[in-house]
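Okay, everyone, thanks for coming.

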Amino acid sequence: MDNHSPAIFVGDTLGLDFLNSVATPLDVQVDWIEDGEGLLRWLAQAGLVPRETLEVIRSQALPGELDKIADQARSLREWFRTFVHAHRGRPLTAAALDELEPLNRLLERDEGFSRITAKQPGEGGGLDFQSMRKWRSPEALLLPIGEALGRFVCTEDFSDVKACEGHACTLLFADHTRGHRRRWCSMAMCGNRAKQTAHRHRLKQGQ
C-alpha cells in the first residue's frame with residue numbers, strides 16, 4: 001500500500017476519515033495528502049468536491065500552489081487530531097468552544113449559497129434545493145474539510161470515538177455498533193491480524 005492506493009475510509013464519519021488520511025495500515029506510514037495531487041485524490045475519494053471542480057482547480061493552479069494547500073490541510077489535520085485525542089471517550093461540552101476557534105476561522109471563509117436544481121432521473125425527477133459553494137481559489141479546497149470537521153464536532157458523541165486496538169495502528173473510528181463493542185478499524189485489517197496472533201499464541205502455549 002502506498003500514497004497512490006485508495007485511501008482508507010473506516011472512521012464511520014468524514015471528520016475521522018480526514019484524520020485517517022495518514023495511517024500505518026501495513027506497518028509503514030502512508031500519507032494520502034502528502035502533496036497537492038494527493039489532496040485532490042483524497043477529496044475526490046471522500047466525495048467532498050466534485051471531480052469536475054477538482055479538474056478545473058488543477059488546471060488553474062499556479063506551480064506549487066496545490067502543494068501549499070496540502071501543507072495547510074496536514075496542519076489542520078494534526079491540530080484537529082490533538083483536539084480529538086484530548087476529548088475522545090467522553091461527551092463534548094460547550095467548554096471546548098474556545099479550542100475550536102481555528103476551525104471557526106476557517107469556516108468563516110466559506111462562500112456557500114443555495115440553488116434550486118433539477119433532480120437526476122434516478123431520483124424521481126422534480127426539483128431539489130442544494131447547498132453550493134464558490135471555488136474562487138485552491139484555498140477553497142479546505143472549506144469542505146472544515147465543514148466535515150464542524151459537523152463531526154456538533155453531531156457525534158465523543159464518547160463513541162475510539163482508537164483501533166491493532167498493534168501500531170493509528171486509525172480512529174466512531175463506534176456506532178450495538179453495545180459499542182467495536183475494537184478494530186476493520187476486521188479485514190487489524191481484526192484478522194489480531195485473530196491470527198491469538199491463534200499462534202494458543203498453538204505455542206499448547207506445545
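**Pockets and core**

So, the lining of the second largest pocket has nine nonpolar, three polar and no charged residues. Here Ala, Val, Leu, Ile, Met, Phe, Trp, Tyr, Cys and Pro count as nonpolar, Asp, Glu, Lys and Arg as charged, and the others, Gly among them, as polar. This is a predicted model, with local features needing pLDDT of at least 70 and side-chain atom pairs pLDDT 80 or more, while totals for chains, interfaces and linings use all residues. Residues are numbered from 1 along each chain as its sequence is written, and side-chain values use heavy atoms, leaving out hydrogens and water.

By pocket I mean an open set of points on a 1 Å grid over the protein atoms alone, where a 1.4 Å probe fits, with protein on both sides within 12 Å along at least five of seven lines; lining residues have an atom within 4 Å of a point. Among the residues lining that second pocket are Leu92, Leu103, Gly150 and Cys154.

What about the largest pocket, by class? Its lining has seven nonpolar, five polar and four charged residues. Leu48, Ser131, Met132, Arg133 and Trp135 are the closest to its centre, out of 16 lining residues.

Now the core: buried (under 20% relative accessible area, 1.4 Å probe, protein chains only) Ala, Val, Leu, Ile, Met, Phe, Trp, Tyr and Cys residues joined through side-chain atoms within 4.5 Å. The largest one has 53 residues, and Leu39, Trp42 and Leu43 are among those with the most contacts inside it. Beyond four places in sequence, Leu43 is in contact (heavy atoms within 4.5 Å) with Leu48, Val49, Leu54, Leu141 and Ile145.

Terms used. Buried < 20%, exposed > 50% of the residue type's maximum accessible area, 1.4 Å probe, protein only.
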